[in-house]
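This report covers selected local features of one protein model. The sequence and structure are shown first.

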Amino acid sequence: MSTPLPILLPSSNTPSLSHLEWRPQKFRSAPQPPPQDDGKLQELELASARQMLDGKLIKKTRPRRTVDYNGGMGRWALLRKLRPNPHYVPYLRPSPSYIIDLLPPKAYPENSSTSLCTKFVHTSTNKIRCPVNVVTWTPEGRRVLTGSTSGEFTLWNGLTFNFETILQAHDTAICAMAFTHSGAYLASADKSGIIKYFEPNMNNLTAWQGSNSREAIRGLSFSPDDQRFATASDDSSVRIWSFQDQRVESTLTGHGWDVKCVEWHPTKGLLVSGSKDNQIKFWDPRTGTVLSTLHQHKNTIQALSWSPNGNMVASASRDQTVRVFDIRAMKEYCILKGHKKEVCSVTWHPVHPLLVSGGSEGAILHWDLATSEPSFSQPTSAPRATLSQAHDSNVWSLAFHPLGHLLVSASNDHTTRFWSRERPGDTGSVFSGGGEKPPEETAQDEDEDLVPGFVGFVGQVDGGAGAGFGGAGRQGGSGAGPGDAAQMYADGSAGWYGESGDVKPNITGGGGGYENGSSRRGGYSDAGPSEDFIPGFGSQAQDTNVAGRQSGPLPSQQDMYGVPDEYGRDAGNRGGDDWGRGGGGSGGNRLGRWGPRRGGGRY
């Protein structure tokens with residue numbers, strides 16, 4: 001039997017280590033909601049009383065919160081100074097706590113999947129609804145400018161996506177507009193051939209007739225030095241104008257029908273134009289001669305776009321294809337087929353080799369052109385991501401934010417919609433990978449369990465509300481805030497954006513929807529969202545495809561990780577290639593559920 005060791009010192013001389021133990025002195029209590037402003041509460045009560053006296057409906061007002069999408073830029077600038085090597089970036093894992101490590105697209109030069117803007121954020125609509133023909137970001141990236149068929153410029157905030165101002169700029173429909181590369185001026189053209197100059201504060205400088213017989217001007221593009229700009233009009237000509245003198249320097253004739261688009265090379269003296277005669281022509285702006293003509297398209301060329309490096313030009317046509325041409329070899333680089341109707345718009349990502357196109361069926365398709373070696377075998381590529389019901393009608397214009405983390409689309413359905421990147425650890429999305437329709441705006445009570453001011457709280461203000469990370473975007477002026485939108489992988493996945501792993505859900509690939517039109521994201525079942533919700537990092541999306549909060553036990557393992565469908569395909573293998581790049585169809589036959597498309601168009 002062991003005996004305790006004898007105490008050699010008396011108890012009075014035994015040293016005490018209690019003073020070395022750490023005890024918290026601050027923040028002992030749980031986080032409390034922010035204090036209420038008594039003055040503001042009294043003001044709201046008085047306003048409610050006045051509305052009651054007037055017999056008006058009392059609406060709950062919630063503060064609009066701004067979530068800075070550009071917040072990652074500060075972290076990226078700091079990381080560039082402190083990182084151990086020039087290629088280091090934090091490794092992202094499928095957890096909400098890694099959202100703060102999500103850097104701008106420029107931080108991931110080798111991973112273009114970080115720039116797929118497939119998360120629906122917000123819908124912005126004018127009070128007087130009319131089709132939106134053209135959209136562009138202001139040069140500093142803080143606002144979005146749209147031009148509509150009513151001749152109005154509408155300025156939207158680039159952070160909260162709410163309305164800022166409106167201006168009656170033209171008497172007829174605005175068909176084209178472009179900022180100078182310096183950002184000092186804006187030039188716009190309308191359906192009657194009028195060209196106008198504006199300052200960034202929307203002050204109109206001058207206006208003049210820019211086409212024969214008041215024909216519409218469909219395209220406008222500035223030269224790299226901003227001294228000249230080119231216009232494409234329905235009188236079958238391309239004109240080169242002196243910006244300072246407002247006079248025609250040369251008229252380029254050669255197209256046999258209406259010229260629908262023109263784009264000046266970003267760095268060279270080279271013009272490309274597309275026409276209703278199915279031809280794409282390259283021009284020398286100095287001599288006004290045709291350098292080359294491409295005849296690959298079988299219908300009207302609706303839009304053209306130069307790649308950021310100037311080596312590629314993409315064309316969108318009514319023959320339902322997008323074609324990419326390499327001007328170094330003057331050959332067709334690839335054919336992109338995926339639209340069910342004519343393609344109306346096309347644009348390049350500013351950082352990665354991504355192409356986004358919009359069709360008259362309302363779909364927005366993302367194409368990944370990242371390949372190790374160029375190939376001119378004219379392969380037909382499948383879309384990397386499909387939003388088959390992004391809009392209800394023609395998508396007339398698309399524009400990426402200068403940083404590449406936001407996409408804005410303008411449509412014939414009278415709306416301007418904003419799209420963000422997917423984010424790590426999000427278990428649900430307002431827009432599923434297969435292209436679900438945004439939920440309709442419904443009158444319902446807000447969730448009172450969530451504290452205003454904390455992320456995850458869903459708010460709605462008439463005329464456009466920015467909800468938090470978990471907010472649901474609703475049509476007609478309200479919208480979700482910044483994107484609680486990346487997928488939680490099932491067991492066995494090694495990466496977030498589908499770079500490696502055995503079991504990967506089709507995060508944005510077309511044809512990944514389920515038969516009932518719902519979306520199983522992040523390994524959770526349609527029966528209900530998980531209780532594993534971390535405050536401050538998003539909540540379940542409040543759309544019609546996701547049930548309410550889980551009140552009973554958690555779902556079974558089969559429900560959480562999915563079961564094979566009737567064709568034997570599991571939830572983690574819906575479309576895409578071996579590298580997790582989604583592709584294939586565009587959501588089956590779900591377009592028919594929403595009725596026929598509304599017609600109409602610019603042509």
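This is a predicted model: local features need pLDDT of at least 70, side-chain atom pairs count only at pLDDT 80 or more; totals for chains, interfaces and linings use all residues.

## Four-stranded sheet

The strands β10, β11, β12 and β13 form an open sheet in the order β10-β11-β12-β13, with antiparallel pairing. Its edges are β10 (217-222) and β13 (247-253); each has a single partner strand, so one side of each is left without a neighbour in the sheet. From one strand to the next, the twist averages 20°.

β10 runs antiparallel to β11 (residues 228-233), and 5 bridges join the two. Within this pairing, Ser221 stands opposite Ala230 in β11.

## Asp413

Asp413 sits in the loop that connects β28 (406-411) and β29 (416-420). Asp413 is buried but has no salt bridge. Arg417 is the nearest side chain of opposite charge, at 4.4 Å, whereas a salt bridge is counted within 4 Å.

The side chain of Asp413 makes a polar contact of 2.6 Å with the side chain of Thr415. A polar atom of the Asp413 side chain also lies 2.9 Å from the backbone nitrogen of Asp392.

## Positive phi in two loops

Gln246 is located in the loop between β12 (237-242) and β13. Its phi is near 55°, a positive value in a residue other than glycine. Gln246 counts as partly exposed because its relative accessibility is 30%.

Met330 belongs to the loop between β20 (321-326) and β21 (331-337). Although Met330 is not a glycine, its phi is positive, at about 50°. With a relative accessible area of 31%, Met330 is partly exposed.

Conventions
Residues are numbered from 1 along each chain as its sequence is written. Side-chain values use heavy atoms; hydrogens and water are left out. Two strands pair if DSSP finds at least two bridges between them. Axes are lines fitted to C-alpha atoms, for helices over the stretch in contact, and angles run from 0 to 180 degrees between N-to-C directions. Buried means under 20% relative accessible area, exposed over 50%, partly exposed in between (1.4 Å probe, protein chains only). Lys and Arg count as positive and Asp and Glu as negative; His and the chain ends are not counted. A polar contact is a pair of N or O atoms within 3.5 Å; within protein, one must be able to donate a hydrogen and the other to accept it, and residues adjacent in sequence count only if both atoms are side-chain atoms.
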